Amino acid sequence: MVERRTILRAGGAALVVGATAGVVGLETGLIPGRARVHDLVGLTGPDGVIPDVPAGPAASGSFESFGRRTTVRYSVLYPDGYEPTDPLPVVLVLHGRGGDHTSAVRDLGIDRYLTAAVRSGTPPFALATVDGGADTYWHRRVTDEDPGFMLDQEFLPLLAKRGLDTARYGVLGWSMGGYGALLLAALRSWQRRVRPGTRAVAVGALSPAIWRSYADAAPGAFDNQEDFDGGQLFGRRVGLQDVAVRIDCGRDDPFAEAAADLRRELRAGGGQQAGAHTPGYWRRMLPAQLEFLGRELRN
């Protein structure tokens with residue numbers, strides 16, 4: 001006879017699996033069975049626990065974006081002990097599919113992770129979150145909406161006017177935002193060699209949403225085959241040769257194989273750990289990602 005506590009454990013695990021599957025389905029367009037089973041039996045690793053430290057000050061606002069053709073909201077997060085007037089270096093934070101500029105705090109607790117990272121010795125920096133659109137995948141679309149232009153030509157100058165040091169900036173993202181972070185650095189870095197003054201020096205990607213073929217891509221991620229080809233990350237090593245890259249992806253993530261291939265091609269840091277396509281995994285990897293970005297911004 002199966003004990004009642006075993007049934008309760010299985011029931012609770014099923015609820016977690018259901019929530020995990022919902023995130024995976026939203027971000028990738030598919031729900032992998034192996035991740036369900038591995039999560040049920042505890043093979044995807046523990047969820048990251050948000051540090052019990054105070055969040056630092058945050059400054060929020062909005063601007064009319066030509067690139068996105070809409071009003072864009074943003075927040076700038078500072079580590080505890082620092083003020084919005086401090087001229088810190090900055091890391092752009094790109095949210096996943098279905099998210100917005102609040103997702104990094106609401107879903108990941110990134111403001112507290114930032115304080116914890118600085119308290120543990122990471123050189124201080126600010127995080128700048130911004131609305132990239134629910135499913136733009138952070139690249140120019142057939143509608144002419146261009147989140148990359150917004151980041152490069154509108155948001156970075158706005159951050160500089162706020163007193164942040166944008167000469168050497170970082171980019172961090174997860175899932176759709178992980179892909180966007182890598183693409184932004186690849187497309188913009190070569191421009192900075194021609195037009196110096198502001199350039200990405202480090203990019204951190206968590207479970208980046210990348211596919212080998214247009215046929216495999218999630219519906220709506222790209223407009224057509226030409227759009228997919230133009231946004232391909234494989235074969236862009238030259239564009240990222242002056243950028244420090246870290247790519248982390250869980251073994252049970254649907255993007256695990258492609259992420260590992262890209263990490264090898266770029267000779268990037270990071271790795272493949274126990275985990276699935278979940279906020280719990282992203283939280284677990286945030287300390288290493290933030291330490292990497294802070295170190296590279298200081299170099």
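The model described here is predicted. R264 forms a salt bridge with D261, and their closest N and O atoms are 2.5 Å apart.

Both residues belong to helix 8, which covers residues 256-266, and because they are three residues apart there, about one helical turn separates them. An α-helix has 3.6 residues a turn, so residues three or four places apart point the same way.

## Confidence

The protein chain has a mean pLDDT of 88, and 83% of its residues reach 70 or more. Residues 1-21 stay under 50 in pLDDT, and for that stretch the model has twelve contacts beyond four places in sequence.

## Other salt bridges

The whole structure holds 14 salt bridges. One of them joins E145 to R68, with 2.7 Å between the closest N and O atoms. This pair links distant parts of the chain, 77 residues apart: E145 sits in the loop between strand 4 (126-130) and helix 5 (147-161), while R68 sits in the loop between strand 1 (58-65) and strand 2. Both E145 and R68 are buried.

R246 and D248 also meet through their side chains in a salt bridge, at 2.6 Å from N to O. R246 counts as buried because its relative accessible area is 18%, and buried means under 20%. D248 is buried as well, with a relative accessible area of 0%. A network of salt bridges links R73, D100, R106, D107 and D131.

## T71 in strand 2

Strand 2 spans residues 70-77 and contains T71. With a relative accessibility of 38%, T71 is classed as partly exposed. Leaving out residues up to four places away in sequence, T71 touches S62, F63 and E64. The side chains of T71 and E64 are joined by a polar contact of 2.5 Å.

D131 is one of the residues in the salt-bridge network.

Helix 4 runs over residues 110-119, and seven of its ten residues are buried, so the rest of the structure largely encloses it. The buried residues are I110, D111, Y113, L114, T115, A117 and V118.

Their cover includes strand 2, strand 3 (89-94), helix 3 (103-106), strand 4, strand 5 (165-174) and helix 9 (279-298). After helix 4 comes G121, which has a positive phi, near 115°.

## Nonpolar cores

The largest nonpolar core has 56 residues, and the members that touch the most others are L92, F155, L159 and W211. Helix 6 (residues 176-194) gives this core its largest share, eight residues. Beyond four places in sequence, L159 touches V76, V90, L92, A128, L164 and T166.

Another core lies apart from the largest one and has 26 residues, including Y113, W174, L206 and L286. Y113 is also among the buried residues of helix 4.

Terms used
Residues numbered from 1 in each chain as written. Predicted model: local features only at pLDDT ≥ 70, side-chain atom pairs only at ≥ 80, totals over all residues. Heavy atoms only, no water. Helix = DSSP H or I, 4+ residues; strand = E, 2+ residues; numbered from the N terminus. Buried < 20%, exposed > 50% of the residue type's maximum accessible area, 1.4 Å probe, protein only. Contact = heavy atoms within 4.5 Å. Polar contact = N/O pair within 3.5 Å; in protein donor to acceptor, adjacent residues only side chain to side chain. pLDDT = per-residue confidence, 0-100. Salt bridge = Lys/Arg side-chain N within 4 Å of Asp/Glu carboxyl O. Core = buried A, V, L, I, M, F, W, Y, C linked by side-chain atoms within 4.5 Å.
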